[in-house]
Amino acid sequence: MRKLPRILVVEDERSIAELIAVNLRHNGFEPTIVFDGASAQLEVDNKLPDMILLDWMLPGESGAALARRWRKSERTKTVPIIMLTARSDESDKVQGLDAGADDYITKPFSTQELLARIRALLRRRAPETTKDSVQVAELALDAETYRVTYKARELKLGPTEFKLLHYLMKHAERVHSRSTLLDKVWGDHVFIEERTVDVHVKRLRESLGEAAVMVETVRGAGYRLTAPSMARNPDQGQQTSMA
Ligand code: CA
């Protein structure tokens with residue numbers, strides 16, 4: 001029998017947690033529910049899930065704090081996280097993504113929307129799409145071992161940033177629109193706004209450190225990865241070259 005994807009649901013409102021679990025079970029997932037951050041950490045330490053649905057507002061440690069910690073840890077940094085939030089404010093969504101979530105969903109949400117996002121995120125991690133290795137100047141990405149190095153120093157990237165960088169490196173020196181990147185990197189972007197691309201590009205640049213200049217913003221067009229000698233200021237894009 002095929003192994004069912006394990007999904008850890010961290011949600012202190014028990015009725016919501018149980019409703020999510022029932023729906024996940026009906027749709028071919030293996031959910032585990034916990035009601036606070038400490039239990040979530042124990043569960044993660046015990047058995048690594050394939051995905052985490054994480055409530056923003058939890059008693060004790062917040063969802064954002066947990067997401068940040070899991071992103072930093074070697075063991076959990078590649079586990080996809082969907083933030084569940086009652087907040088619909090744009091800045092709160094961005095905060096959730098900044099904390100390390102790969103996606104967010106605002107309560108109240110439909111089961112169909114939640115399932116679509118879970119499937120999209122799992123597809124995004126599908127191993128067949130990322131097995132090769134690629135190098136641009138001194139930036140190297142090995143999809144087999146999930147390592148990114150710049151000048152032989154290892155960089156830490158979240159799962160979405162990894163896939164985004166992989167795509168940009170495989171198609172370096174070309175400009176990609178936000179909508180192309182959503183298609184190629186996110187796969188199923190029916191619920192994802194183009195702004196999400198900008199948030200992940202920002203996170204990617206932060207993870208790249210010195211190599212961040214290689215990811216250029218091309219005003220009005222999108223993003224391009226380019227070798228450092230060719231790189232201009234990441235926030236200036238093409239306009240600088242005309243100055
Ligand atoms: Ca809550």
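**Group meeting: a walk through the model**

Okay, let's start with a pocket: helix 8 gives the most to the lining of the second largest pocket, with four residues. Before going on, this is a predicted model, where local features need pLDDT of at least 70 and side-chain atom pairs count only at pLDDT 80 or more, while totals for chains, interfaces and linings use all residues. Residues are numbered from 1 along each chain as its sequence is written, and side-chain values use heavy atoms, with hydrogens and water left out.

Helices here are DSSP runs of H or I with at least four residues, strands are E runs of at least two, and both are numbered from the N terminus. A pocket, on a 1 Å grid over the protein atoms alone, is an open set of points where a 1.4 Å probe fits, with protein on both sides within 12 Å along at least five of seven lines; lining residues have an atom within 4 Å of a point.

Back to our pocket. Its volume is about 330 Å³, counted as the space filled by probe spheres set on the points. Of the 15 lining residues, R71, K156, G158, R203 and S207 are the closest to the centre. Helix 3 (63–72) and helix 8 (195–208) each supply at least two residues of the lining. And what is the lining made of? Two nonpolar, three polar and 10 charged residues, where Asp, Glu, Lys and Arg count as charged, Ala, Val, Leu, Ile, Met, Phe, Trp, Tyr, Cys and Pro as nonpolar, and the others, Gly among them, as polar.

Next, the metal. Which residues hold the calcium ion? D12 (OD), D55 (OD) and M57 (O) coordinate the ion, at 2.1 to 2.3 Å. Donors are N, O and S atoms within 2.8 Å of the metal, or 3.2 Å for Na, K and Ca, and water is not among the atoms, so sites may look incomplete. D12 sits in the loop between strand 1 (6–10) and helix 1 (14–26), and D55 in strand 3 (residues 51–55), so this pair links distant parts of the chain, 43 residues apart. Are they buried or exposed? D12 is partly exposed at 28% relative accessibility, whereas D55 is buried at 2%. For the record, buried means under 20% relative accessible area, exposed over 50%, and partly exposed in between, with a 1.4 Å probe and protein chains only.

On to the rings. There's one aromatic pair: Y146 and F162, stacked, 4.0 Å centre to centre with 10° between the planes. Pairing asks for ring centres of Phe, Tyr or Trp (its six-membered ring) within 6.5 Å; planes under 30 degrees apart are stacked, over 60 edge-to-face, the rest tilted. Y146 lies in the loop between strand 7 (139–142) and strand 8 (147–150) and F162 in helix 6 (residues 159–170), so the pair ties together parts 16 residues apart in sequence. Y146 is partly exposed at 26%, and F162 is buried at 3%.

The peptide bond from K107 to P108 is cis, with omega near -5°, and P108 is in the loop between strand 5 (103–106) and helix 5 (111–124). A152 isn't a glycine, yet its phi is positive, about 70°. A152 is in the loop between strand 8 and strand 9 (153–155), exposed at 72% relative accessibility.
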